[in-house]
Amino acid sequence: MEMESMASAIGVSVPVLRFLLCFVATIPVSFFHRFVPGGPAARHLYAAFTGALLSYISFGFSSNLHFFVPMLISYASMVLYRKRCGIISFLSAMGYLIGCHVYYMSGDAWKEGGIDATGSLMVITLKVISCSINYNDGLLKEEDLRESQKKNRLIKLPSLIEYVGYCLCCGSHFAGPVYEVKDYLDWTERKGIWTKSEKGSPSPLGATLKALLQAAFCMGLYLYLVPHHPLSRFSEPIYKEWGFVHRLSYQYMSGFTARWKYYFIWSISEASLVVSGLGFSGWTNSSPPKARWDRAKNVDVLGVEFAKSSVELPLVWNIQVSTWLRHYVYDRLVQKGKKAGFFQLLATQTVSAVWHGLYPGYMIFFVQSALMIAGSRAIYRWQQSVPPNAVILKKTFMLMNFAYTLLVLNYSCVGFMVLSLEETLAAYGSVHYIGTVIPVVLILLGNIIKPKPARSKARKEA
């Protein structure tokens with residue numbers, strides 16, 4: 001009864017409240033990881049046990065069973081068939097995730113304010129795939145590997161307790177961020193950048209407090225905005241009575257409102273990873289040196305809202321998943337000696353869509369994202385061709401790319417929010433598919449009008 005009264009007081013369901021309490025509890029759980037006695041083995045056990053316990057309290061016993069299916073299949077593939085463990089893990093883990101998405105209708109649950117374990121399963125899916133692929137890379141010659149592969153490859157198979165600790169540590173499987181197994185092992189064993197040095201141990205308090213303050217602000221703004229911009233408005237008669245500009249502005253505000261929920265979630269995750277120490281990513285070159293916590297950062301709020309081009313968005317939104325997609329999908333689809341093209345971009349966005357769930361809105365959104373980025377690249381190429389002395393024209397192109405990104409992003413994300421094909425097409429059609437037409441036109445023009453890079457008038461003296 002007390003949980004029900006608390007839930008109704010803040011306007012959420014009891015399962016969502018239970019999840020939020022466990023989610024926030026990852027912060028003290030992560031903090032106490034620092035003081036676990038007994039060396040690396042004890043810390044792996046602590047990570048595995050606390051992660052499983054929080055999952056059980058939040059989602060019930062079945063959640064851990066779901067998590068262990070892809071975890072054990074992927075681990076077995078590394079033990080039994082290392083040569084193909086990467087592709088086996090990718091297909092089995094993604095296949096199981098898709099099955100859970102379909103069975104639980106997770107997108108509908110999230111849309112209606114519910115919660116289930118598939119969101120956490122999404123993060124674990126990425127972890128087990130990257131671990132298997134990195135172990136697969138350990139068989140390859142170093143000269144055949146990219147820098148990211150050299151950095152993350154595994155020569156030795158992690159033990160089962162190391163592997164489970166990696167998957168469930170710090171409650172990061174609740175909402176990310178994704179991190180590499182090699183970083184987790186180095187952190188647990190106090191190796192690499194976590195080795196004690198003359199610079200001392202970095203204090204996480206300032207960065208943790210900053211993340212918590214950001215989380216509080218984001219949740220406050222979201223709770224203020226969401227009653228004024230409900231998704232149900234898209235199917236209400238009043239929306240159809242509005243003019244084109246009013247409809248377009250409502251789409252912008254709906255997308256703007258929804259993003260603050262994600263900002264809150266990722267800020268809590270950031271605080272959890274920072275306070276554990278795992279979020280530490282090295283020292284700056286300043287004097288005195290300052291600790292960097294980039295590994296914990298999953299979003300740059302101002303970077304998203306004021307992105308100068310669509311190309312910047314993957315660098316500032318869901319940062320660690322974007323990095324994962326680049327390292328384990330995008331880069332690996334590019335043949336050696338060739339450049340990436342629209343195919344690699346579209347394939348990567350398709351994998352991202354399927355990972356989120358088999359809803360038409362997700363598919364349309366990520367195809368739209370590929371178009372949006374390609375259109376933005378066309379504008380950027382024209383901008384780069386402008387002579388350095390044509391300052392006004394160059395700034396015009398910059399402003400054009402900013403406005404284009406603002407328009408197409410918020411138009412596109414309607415599909416991500418409403419999910420159904422009918423509602424997505426109705427919302428897009430209500431503004432004459434402007435966010436689809438403009439990127440397509442820009443891509444076509446970019447193939448017709450191929451600018452040459454501006455050359456400096458300065459010449460090298462012989």
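How many nonpolar, polar and charged residues are in the lining of the second largest cavity? By class, that lining has four nonpolar, six polar and no charged residues. Here Ala, Val, Leu, Ile, Met, Phe, Trp, Tyr, Cys and Pro count as nonpolar, Asp, Glu, Lys and Arg as charged, and the others, Gly among them, as polar.

This is a predicted model: local features need pLDDT of at least 70, side-chain atom pairs count only at pLDDT 80 or more, and totals for chains, interfaces and linings use all residues. Residues are numbered from 1 along each chain as its sequence is written, and side-chain values use heavy atoms, with hydrogens and water left out.

**Cavities**

The structure holds two cavities of 30 Å³ or more. A cavity is a set of points, on a 1 Å grid over the protein atoms alone, where a 1.4 Å probe fits but cannot get out; lining residues have an atom within 4 Å of a point. Grid points are joined across faces, edges and corners, and a volume is the space filled by probe spheres set on the points.

| Site | Volume |
|---|---|
| Largest cavity | about 60 Å³ |
| Second largest cavity | about 40 Å³ |
| Second largest pocket | about 420 Å³ |

The largest cavity is lined by R259, V304, E305, A307, F402, T405, L406, L409 and N410. Helices here are DSSP runs (H or I, at least four residues), numbered from the N terminus. The largest share, five residues, comes from α19. By class, the lining of the largest cavity has five nonpolar, two polar and two charged residues.

Residues lining the second largest cavity include F23, T26, C170 and S269. Its largest share, three residues, comes from α13. Domain 1 (1-194) and domain 2 (204-448) each give at least three residues to this lining. The domain bounds come from an automatic or database domain assignment.

**Second largest pocket**

A pocket is an open set with protein on both sides within 12 Å along at least five of seven lines. The second largest pocket is lined by 18 residues; R34, R190, W194, S201 and P202 lie nearest its centre. The lining divides into seven nonpolar, seven polar and four charged residues. Domain 1 and domain 2 each supply at least three of the residues in this pocket's lining.

How values were computed
Helix = DSSP H or I, 4+ residues; strand = E, 2+ residues; numbered from the N terminus.
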